[in-house]
Amino acid sequence: MPKILTAREVEALLRAGEAVPADARLTPSARDLVEDRRRNGRTFTANAPRAGSAAPATKPAASSATPPAPSTPDYEFRWAPGSDPKTPSDIQRFFTSPAIEELKVRICDIGRRLWEREYTDGNGGNITIRVGDNLALCTPTLICKGFMKPADICLVDLDGNQLAGTRKRTSEAMTHFGIMKRQPAAKSCVHAHPPHATAFAIANAEIPTCLIPEAEVFLGKIALAKYQTPGTPENADEVGQLGIDHQAILMQNHGVIVWGKDVEDAYWKMENIDSYCKTVAIAGGLGSGLHRFGTDKLKDLIGLRKALGMPDPRAELEECELCSDNSEFRPGAVCQATPPSSAAPATAEVDPQVETLVQSLTNEILRQLATAK
């Protein structure tokens, strides 16, 4: 099987003066890196000159072709409806196909990023990517997300039955599938325990809105799911219902789950929500209150979110109904000096024995100072 190269491995080859093997398969990020270098006049196929070798003497002919229009990478996995493999051999062939192997590499990359950001600890967190009508890749149970290998990834159906993979799938995949079964746009889910967002989940604090435009566009209305035991059907139902209209969900006393059109999109939302919660928590402790933009501006942002194809249950609300969650947010306590009172302070009672002792000590100190002179 041809070797799969990541962007990091491609960069390492270039630094070492090596060329990318012609038969290598590249991850999307590696392919983007190669294309960027090619556009700048540098190629890295097996036939490309190594570092220190002479450059070709001939000048490349000028091309009259129109350059391709600028675009953004598209990592969404698409399949033909009704094409799920059925037999064991077909399932294994599908599971080891180049497209699925590429997704396994991407899952491992996302797991490493979650771990490096301290969004997961121990074996916490899990990742899924939907790859068929009734198929999904998922991370295994009892594994650190920072050190997964493509061979660790599992293939399961949306009822949790494992179809391929040598490691046992995570039990919490069912919560992901609770969303996927109800919301077809949810092609990937990421669950983790980012500390700032999880702190809101533990405090049962609804995250206020109308504070940062990017959060309104890329996260939308953040939901708060009632606590249910992780991995249970009850948790899958609770989170799955909220996942229809919400891409980011706090799970009480547990953590965060987000979904997107692909695993990169879902991971970005995990970064977005923890950064947002961190900023709100810091701002809430400054003592000057939270300055919010108006509901008319929020309407604009909700419209932009819908134009990007993301759901938002607030789209049908009147302006007077928006930002209503802000009245429930209670920033942390702020220490403040007590203002002086206009009323005369009450006279404290003086203990005669204490007064006598203080006077005796004062006289003795004065006597010793006089003797020292």
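In the predicted model, L242 is found in helix α8, which spans residues 233-243. Beyond residues up to four places away in sequence, L242 touches A223, L224, A225 and I249. The separation between L242 and R182 is 60 residues along the sequence, whereas their C-alpha atoms lie 9.6 Å apart in space.

The largest nonpolar core comprises 44 residues, and the members that touch the most others are L114, V131, L137, L155, L250, M270 and I273. Helix α9, formed by residues 263-284, is the element that gives the most to this core, contributing 8 residues. Apart from this core lies another, made up of 18 residues, including V156, F177, I179 and A223. In soluble globular proteins, nonpolar side chains tend to be buried together.

When neighbours within four places in sequence are set aside, L114 is in contact with Y119, T120, I127, V190, A192, Y267 and M270. Of these partners, M270 is itself listed with L114 among the core members that touch the most other members.

The largest pocket has a volume of about 740 Å³. Its lining consists of 27 residues, and those closest to the pocket centre are T6, A7, V105, D109 and R112. Two or more lining residues are given by each of the elements α1 (7-15), α2 (28-39) and α4 (98-116). Helix α4 provides the largest share of this lining, with 6 residues. By class, 12 of the lining residues are nonpolar, 4 are polar and 11 are charged.

The second largest pocket holds about 410 Å³ of space. It is lined by 19 residues, with K261, D262, D265, W268 and K269 lying nearest its centre. The elements that contribute two or more residues to this lining are β10 (255-260) and α9. The lining of the second largest pocket divides into 9 nonpolar, 4 polar and 6 charged residues.

Methods: Residues numbered from 1 in each chain as written. Predicted model: local features only at pLDDT ≥ 70, side-chain atom pairs only at ≥ 80, totals over all residues. Heavy atoms only, no water. Core = buried A, V, L, I, M, F, W, Y, C linked by side-chain atoms within 4.5 Å. Buried < 20%, exposed > 50% of the residue type's maximum accessible area, 1.4 Å probe, protein only. Helix = DSSP H or I, 4+ residues; strand = E, 2+ residues; numbered from the N terminus. Contact = heavy atoms within 4.5 Å. 1 Å grid on protein atoms, 1.4 Å probe; cavity = no way out; pocket = protein on both sides within 12 Å on 5 of 7 lines; lining within 4 Å. Points joined across faces, edges and corners; volume = space filled by probe spheres on them. Nonpolar A, V, L, I, M, F, W, Y, C, P; charged D, E, K, R; others polar.
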